[in-house]
Each structure stands twice: as C-alpha cells, then as structure tokens.
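Hi,

Here is the structure I promised to hand over. Have a look at it first, and then read on for what I found.

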Amino acid sequence: MSIEANKAVARRWLNKETRLEAMDRERYRVVDTPGIPDTDDLETIMRYDEQDDVRKLFRDLTVKVELIADGDKVVIPWCMTGTAVAAFKHVSLGVTIPAGTTITRRGITILTLDNDKVIEERTHEDRLGVLEQLGMSPATR
C-alpha cells in the first residue's frame, strides 16, 4: 500500500464512526497500551475505547493529530486539551480528574496495517504530564 493509502486507513480508524471498518476484526490487537491489558478480544477493546471517549468527558475539546506513514506503520502524534465536564477516573492513571479541570493530554499511537486494515494499536500517553497538571507528580510532593 502507498503512504497515502495507509494514512487514509488511519483517518478511518481515528473516526469513531468508521473505526470498525478500518480494523481487521479477526487479527486486531492492542499491545503496550497503559490502562488496557494486551488483548485481541474486540469486545474488551471497544469497552475500554468507550470508557475513554474524550468527546463525552471534555467540553471545549481541541484535538491535534499528525499522520506519519512508512511501510506498514502509521505513527500518530496527538495532543488534546479540554475541560472535564464531570469528575472521571483516568483509565491508565487510575486517578480522578476533577470536574472543571482543564488538562492537556499528549501521546503517540502507532498503528500496524496489513491489507488495508489496522491489525495492531500501540498507544503511549504522557501520563506524568497529566499528573503534573493535577499537582500529583513526584516532583510536587
């Protein structure tokens, strides 16, 4: 596949409305993603995905992504900023984000593709950065 074709698959994967059609449901797996056990069980993956639906958790949400493709990989550096509409537990940190708190989350997602479908997802988030914004980092103790 071409770089542009891989980016098009990644765009479909980023869109919750078309995510499932961009995935190879038989081979898809999540690995090395904090807060989510390594799994290929689609039901488990979708449950964690719904828990971290930032559109429901934050108002005034802004999201910036970049797509970098090479070979069978698409790397997606991302940054999102928003204000929590209600208190919620951050899935990978296990801490509560208080209502009304504005935070910025940054990370990178690496997708592996095969035959026009995403077969693997790895996401790494700057969790220390979130803790620092909440006044919880080891440096502030």
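Below are some notes on the nonpolar cores and the aromatic rings.

This is a predicted model, so please keep in mind that local features need pLDDT of at least 70 and side-chain atom pairs count only at pLDDT 80 or more, while totals for chains, interfaces and linings use all residues. Numbering starts from 1 along each chain as its sequence is written, and side-chain values use heavy atoms, with hydrogens and water left out.

The largest nonpolar core has 15 residues, and Trp13, Tyr28, Val74, Ile76, Leu111 and Val118 touch the most other members. (A core here is a set of buried Ala, Val, Leu, Ile, Met, Phe, Trp, Tyr and Cys residues joined through side-chain atoms within 4.5 Å; buried means under 20% relative accessible area, exposed over 50%, partly exposed in between, with a 1.4 Å probe and protein chains only.) Helix H1 (3–14), strand S4 (73–84) and strand S7 (102–114) each supply at least two of its residues. Apart from this core lies another, of 13 residues, including Leu57 and Phe58.

Phe58 and Phe88 form an edge-to-face aromatic pair, 5.5 Å centre to centre with 85° between the planes. (Rings of Phe, Tyr and Trp, the last by its six-membered ring, pair if their centres lie within 6.5 Å; planes under 30 degrees apart are stacked, over 60 edge-to-face, the rest tilted.) Phe58 is buried at 5% relative accessible area, and Phe88 is buried at 11%.

Best wishes

Terms used:
Helices (H or I, at least four residues) and strands (E, at least two) are DSSP runs, numbered from the N terminus.
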